[in-house]
Amino acid sequence: MTQQDTRTSPASSGLQRRQLLATAASLGIAPWLLSACASPTPSAAQGEAAIRQLTAGQRRKLGTLEVFPVGLGCQWRPGATPGVVADSYSSSFDRPAAVRLIQRAVDLGVNFIDTAEVYGPFLSEDIVGEALQGIRNKVVLETKFGMDLDQQTGKRLGGLNSRPAHINQVVEAQLRRLRTDRIDVLIQHRVDPAVPIEDVAGAVKDLMAQGKVLHWGLSEPGVQTIRRAHAVQPLTVIQNEYSMLWRGPEAQVLPLCEELGIGFVCWSPLGMGFLTGAVKAEARFASAPVLDFRAVVPRFAPEALPANMALVNVVKNWAERKNATPAQLALAWLMAQKPWIVPIPGTTQIAHMEENLGAASITFTADELKQLNADVVAINIQGARLPPAVMAMSGVEAPLKR
C-alpha cells in the first residue's frame, strides 16, 4: 500500500467549501493557499506567489545557520525496476522527478536539504548532487556518515564505523557525489559504541579546519555523548525522531539542546506518514517484493494501529480548526515547541512538498498551544517507535577515551 504520500485534506462542511477545494485542485493549488490569495478561486500564479511570499521572510536558527522553518529530507533507494527511485514507505518516482522535486523546493525558498550516504546507499546523495548543480550556494546541505559501507561498491559491511580514517574517506566520497567543495552540516548517523566521541569530534574538527565541513551534529545520541562531543567541537544540530507520535526528545534532549545552544532537526516529523491521515486502522504494509519499513515497526502493527488512530483524530480536528491540512498541523506543532526546531519531511510528490511549506504560516495562541499539547499528551501510543535492532542504535553513549 502506498501510504506516505496519500494525504487527506481538512474536513470541510458545505457545498461552497467543497467547490473551492475542487477549484484549487483543478488549478494545482493546495487547499491551504485558498486563504492566502485574494480571490476565492485563485490562479496557479497567485498560489505560487503566496508560497514565495511565505518562504521569503521566514528563517529559524540552527546554531548560527539560518534556514527556512521546513526542510526537505531526501531518503531514497533503488526501486523494484531500473530507473525507479523509492522511499521507505512504498512510494516511488523516477530519478528525473526526484531531481525536479529538489529543484522546485529550492526555487520556492527551501534552503535546508538533508540526506545521507547510507540512503541508497549513495543514491540519494548522487541525486541531490545532480539537483543542486548551479544552485548549490542557495542551500544548507546536510548529510551523514557512520554506517559501515564499502566506499567503492556501497555494500553494507554490517554495523557502524566512525573511525577517524573512515570518516575522512567517507567525506571525500560524499564531496564527489554531492558535487560540492564543502558539506554545510555533517552528522554522525548513529553513535559508534567502539569509538570515543572525542575521536569522532577531533576528526570532524580537522575536516572543518580544511574547509570541507562547516558544521556538525549527532543523530540519536546519548545525552552524555552530546556533552562530550560539544566540548571538543561545538555541535550545531541534534537530529532525532520527533513528532506528535514520538515525543521522546522532550524529556532530556531538547532541554540539553536549549542549554548548549544547539539546534534540533526532526526526522520523521509526520510519523512515517501516519499524521497526514493517510494510514487507516486496517492498513497492512508490504514486506515483499520491497519492504515498507512500517511493516516491521511495532506502532504500525495490526494490534496497535486501531488504538493509535485517536491521535490522527486529534490532528484532523485541529487541522480543521486552523484551516490547514493534517500534515501542516503536525509540522506546525513541532515548530511551535521551540524556535530552533526544524522538521525535514520527505515526499515523492511536489504537491505535498509545497503543502508542507504552508506549515510555516500556521501559528497558535498560548491557549491553543496549551490545549493542543494537552490533547496530544492524552493519547497513549501503543507499540515501540522502531524495531528492536534499530532501536538499539538510539541513545547510545560512546565509550570513554582512554
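Author: Contact means heavy atoms within 4.5 Å. This is a predicted model, in which local features need pLDDT of at least 70, side-chain atom pairs count only at pLDDT 80 or more, and totals for chains, interfaces and linings use all residues. Residues are numbered from 1 along each chain as its sequence is written, and side-chain values use heavy atoms, with hydrogens and water left out.

Reader: What share of the contacts in the protein chain with a separation of 6 or more comes from residues 24 or more positions apart?

Author: Such residues account for 74% of those contacts.

Reader: Why is strand 14 called largely enclosed?

Author: Buried means under 20% relative accessible area, exposed over 50%, and partly exposed in between (1.4 Å probe, protein chains only). In strand 14 (residues 263-267), 5 of the 5 residues are buried, so the rest of the structure largely encloses this strand. Gly263, Val265 and Trp267 are buried on one side, as are Phe264 and Cys266 on the other.

Reader: What makes strand 13 and strand 14 a pair?

Author: Strands (E, at least two residues) are DSSP runs, as are helices (H or I, at least four), numbered from the N terminus. Two strands pair if DSSP finds at least two bridges between them. Strand 13 (residues 237-241) and strand 14 have 5 bridges and therefore pair, in the parallel sense. Ile238 stands opposite Phe264.

Reader: How many bridges join strand 14 and strand 15?

Author: Strand 14 pairs with strand 15 (residues 341-343) over 3 bridges, also in the parallel sense. Val342 of strand 15 is the bridge partner of Val265.
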